Amino acid sequence: MKKKMAFLFGSLFLLAACSAGPTSGNETNGSSNAGGSADAETIKIGLNLELSGAVAGYGTQEKDGVELAVEIINEGGGILGKQVELVTKDNKSETSDAATVAANLATNDKVVAIIGPATSGATKAAIPNITKAQVPLITPSATDDSVTLNGDKVQEYVFRSSFQDSFQGVILAKYAQDQLAAEKAVILGDNSSDYAKGLSKAFKSEYKGEIVLEENFTKGDKDFQAILTKVKQADFDVLYIPGYYEEAGLIIKQARELGIEQPIIGADGFGDEKMVQLAGAENVSNVFYTGHFSILAPSNDTVEPFVAAFKEKFGKEPSTFNALAYDAMFMIKQAIETQNAADAKSITKGLSELKDFKGVTGNITMDAQHNPEKSLVVIGFTDGKESSAEAINP
């Protein structure tokens, strides 16, 4: 990135030493202790992301967001005078691989913190290994409420930069009632996903109208004609789809082609450009989803320079997942600077006590359950383009 970027961000992030790109993630430093060491030449951050497989759309976006953050940080001087070094590994969108990657990053690569996985199932799979190694993990987008909890006990080493499912489900129920005047709802959810189940549960607990029909699909399904024919015959005002973009895009396409014109709502799993590609832009109108970030509703004055830097590096506007991962890296930076130390134990403490962090997805304070307290954005689409964004505070 050009030197002007360092100047652009200097007033926003008191940054610190030269640029470092991602490595293959196969190196070890020979130490027997997990979590790196205070006298290391660089600050090693691991990426455990879905870079191939079913939900690679999320992981690749988050990788771009972290890489931009690291480039800006290193160009501005690094953190505590040290470069940030990324160790990047692909968990292939598989929970077993996510667990293995977590162990390798913590014990072999000696990273001091890990960003990712992107999804709830993969993040849960990684928790035992990072807990054993005592290396903090911050997920940009694992929104299942139970990710940061083990029963009633908080997972000591697990944090997130995203809000959780219960918050999204509640907001969507309120939005359907208050903004869409929806007195009757249909739920079409993914019964193979903890993410979708949590969203459905939260919506149903908050929605004051009548749920006239609830149907399910399974991840990987392609043909929704039979279910949607049943939906079309129902008397309803809004169709709620708790699920990911792969199925949501196809459902939206097939629903509109069947003549279902009612508003369609969903959560942050809609937040990938492939959703519009799968649905066809002409079918993505009167569609709304809860997001963490929108250029149409900037949370603070860090958004404009972030968008400019992202467009310069990647030639396009940033997505929600780019922004969440970017924030995750800067949250680690603030944790290190607050503790004046870059070891895993200090970063864990710094993240648990994070206050007044000024992120591009909102102003964040970490709550007692390691969830960020921040605003949410309901994003609306017309002809496949974002046409509205409404920030809603918790």
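Analyst: The lining of the largest pocket is made up of 11 nonpolar, 10 polar and eight charged residues, where Ala, Val, Leu, Ile, Met, Phe, Trp, Tyr, Cys and Pro are taken as nonpolar, Asp, Glu, Lys and Arg as charged, and the others, Gly among them, as polar. The model is a predicted one, in which local features need pLDDT of at least 70 and side-chain atom pairs count only at pLDDT 80 or more, while totals for chains, interfaces and linings use all residues. Residue numbers start from 1 along each chain as its sequence is written, and side-chain values rest on heavy atoms, with hydrogens and water left out.

The largest pocket holds about 730 Å³ of space. Its lining has 29 residues, and those closest to the centre are Glu273, Glu317, Pro318, Ser319 and Glu386. Two or more lining residues come from each of α2 (56–75), α9 (273–279), α11 (320–339), β17 (376–382) and β18 (385–392), and the largest share, five residues, belongs to α9. Here a pocket is an open set of points on a 1 Å grid over the protein atoms alone where a 1.4 Å probe fits, with protein on both sides within 12 Å along at least five of seven lines, and a lining residue has an atom within 4 Å of a point. Helices (H or I, at least four residues) and strands (E, at least two) are DSSP runs, numbered from the N terminus.

Among the 17 residues that line it, Thr119, Gly121, Ala122, Lys219 and Tyr244 lie nearest its centre. At least two lining residues are supplied by α4 (120–133) and by α6 (194–206), with α4 giving the most, three residues. By class, this lining has five nonpolar, seven polar and five charged residues.

Strand β12 (residues 264–266) pairs with β13 in the parallel sense over three bridges, two strands being paired if DSSP finds at least two bridges between them. Within this pairing, Tyr289 of β13 is the bridge partner of Gly266. Between these strands the chain passes through α9, and this β-α-β crossover is right-handed, meaning that with the strands pointing away from the viewer the path from the first strand over the helix to the second runs clockwise. With β17, β13 pairs in the antiparallel sense over five bridges, and there Val287 has Phe381 of β17 as its bridge partner.

In a regular strand, side chains alternate between the two faces of the sheet. In β13, Val287, Tyr289 and Gly291 point one way, Phe288 and Thr290 point the other way, and all are buried. This strand is therefore mostly covered, with five of its five residues buried, where buried means under 20% relative accessible area, exposed over 50% and partly exposed in between, using a 1.4 Å probe and protein chains only. Ser285, by contrast, sits in the loop between α9 and β13 and is partly exposed, with a relative accessible area of 22%. Its C-alpha atom is separated by 23 Å from that of Asp221, which is 64 residues apart from Ser285 along the chain.

The model has 16 aromatic pairs. One of them, Phe293 with Phe306, is edge-to-face, at 5.8 Å centre to centre and 75 degrees between the planes; Phe293 lies in the loop between β13 (287–291) and α10 (303–314) and Phe306 in helix α10, so the pair links distant parts of the chain, 13 residues apart. Rings of Phe, Tyr and Trp (its six-membered ring) pair if their centres lie within 6.5 Å, with planes under 30 degrees apart counted as stacked, over 60 as edge-to-face and the rest as tilted. Both Phe293 and Phe306 are buried. A tilted pair joins Phe306 and Tyr326, at 4.4 Å centre to centre and 45 degrees between the planes. Because Phe306 lies in helix α10 and Tyr326 in helix α11, this pair ties together parts that are 20 residues apart in sequence. Phe306 has a relative accessible area of 0%, and Tyr326, at 1% relative accessibility, also counts as buried. Phe293, Phe306, Phe310, Phe314, Tyr326 and Phe330 make up one aromatic cluster.

Note on methods:
Points joined across faces, edges and corners; volume = space filled by probe spheres on them.
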